[in-house]
Amino acid sequence: TVVWAGMHKFKLIVGEDEESGDVLESGVEQVENEVNDLQENFDQFIVRYVDGKLTQELVVRLKNGFPTTDREADAFEERQKKNEEILEKHIKEFIDSAFV
């Protein structure tokens with residue numbers, strides 16, 4: 001995992017060389033059109049493998065200040081929603097059971 005901010009002409013090579021490894025070229029010039037109101041020395045990007053592909057994502061902060069990405073936040077919210085639905089189902093089943 002690599003986290004960067006405010007870099008220009010950033011090039012990451014994972015492996016022996018460009019031909020045999022994974023290459024990611026980025027920097028402020030590449031992301032300024034993708035990120036609304038880019039703050040060059042403040043906005044951070046995380047580079048890591050996601051589903052086997054070297055990927056760069058903008059780091060966002062949750063309400064509690066926890067650093068994450070939009071993709072991770074969406075996945076967390078989806079899991080949270082499913083867990084709440086399961087809990088609600090179990091509570092309803094318990095209330096309707098002979099134990100109450």
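Predicted model: local features only at pLDDT ≥ 70, side-chain atom pairs only at ≥ 80, totals over all residues.
Buried here means under 20% relative accessible area, and exposed means over 50%.

**Entry 1: Thr68**

I began with Thr68, which I found in strand E6, covering residues 67-69. Is Thr68 buried or exposed? Its relative accessible area is 8%, so I wrote it down as buried. I then looked for a polar partner for its side chain, and there is one: Glu72, joined to Thr68 by a side-chain polar contact of 2.9 Å. Setting aside residues up to four places away in sequence, I listed what Thr68 touches: Leu58, Val59, Val60, Leu62 and Ala73.

**Entry 2: the largest pocket**

Next I looked up the largest pocket, whose volume comes to about 160 Å³. Which residues line the largest pocket? I noted Phe42, Asp43 and Gln44, together with Leu58, Val59, Val60 and Arg61. Sorted by class, that lining holds 4 nonpolar, 1 polar and 2 charged residues.

**Entry 3: the nonpolar core**

How many residues does the largest nonpolar core have? I counted off 10 from the list: Trp4, Phe10, Leu12, Leu24, Val28, Val31, Val35, Phe45, Val47 and Leu54. The elements giving two or more residues to this core are E2, H1 and E4.

Leaving out neighbours within four places in sequence, I found Phe45 in contact with Val2, Val3, Trp4, Val31, Val35, Leu38, Gln56, Glu57, Leu58 and Val59.

**Entry 4: two positive phi values**

I finished with the backbone. Lys9 is not a glycine, yet its phi is positive, at about 50 degrees. I placed Lys9 in the loop between strand E1 (2-4) and strand E2 (10-14). Lys9 has a relative accessible area of 76%, which is over 50%, so I marked it exposed.

Asp37 is another non-glycine residue with a positive phi, this one about 55 degrees. Where does Asp37 lie? I found Asp37 in the loop between helix H1 (28-31) and strand E4 (45-50). Its relative accessibility is 68%, so Asp37 goes down as exposed.

Key. Residues numbered from 1 in each chain as written. Heavy atoms only, no water. 1 Å grid on protein atoms, 1.4 Å probe; cavity = no way out; pocket = protein on both sides within 12 Å on 5 of 7 lines; lining within 4 Å. Points joined across faces, edges and corners; volume = space filled by probe spheres on them. Nonpolar A, V, L, I, M, F, W, Y, C, P; charged D, E, K, R; others polar. Helix = DSSP H or I, 4+ residues; strand = E, 2+ residues; numbered from the N terminus. Buried < 20%, exposed > 50% of the residue type's maximum accessible area, 1.4 Å probe, protein only. Polar contact = N/O pair within 3.5 Å; in protein donor to acceptor, adjacent residues only side chain to side chain. Contact = heavy atoms within 4.5 Å. Core = buried A, V, L, I, M, F, W, Y, C linked by side-chain atoms within 4.5 Å.
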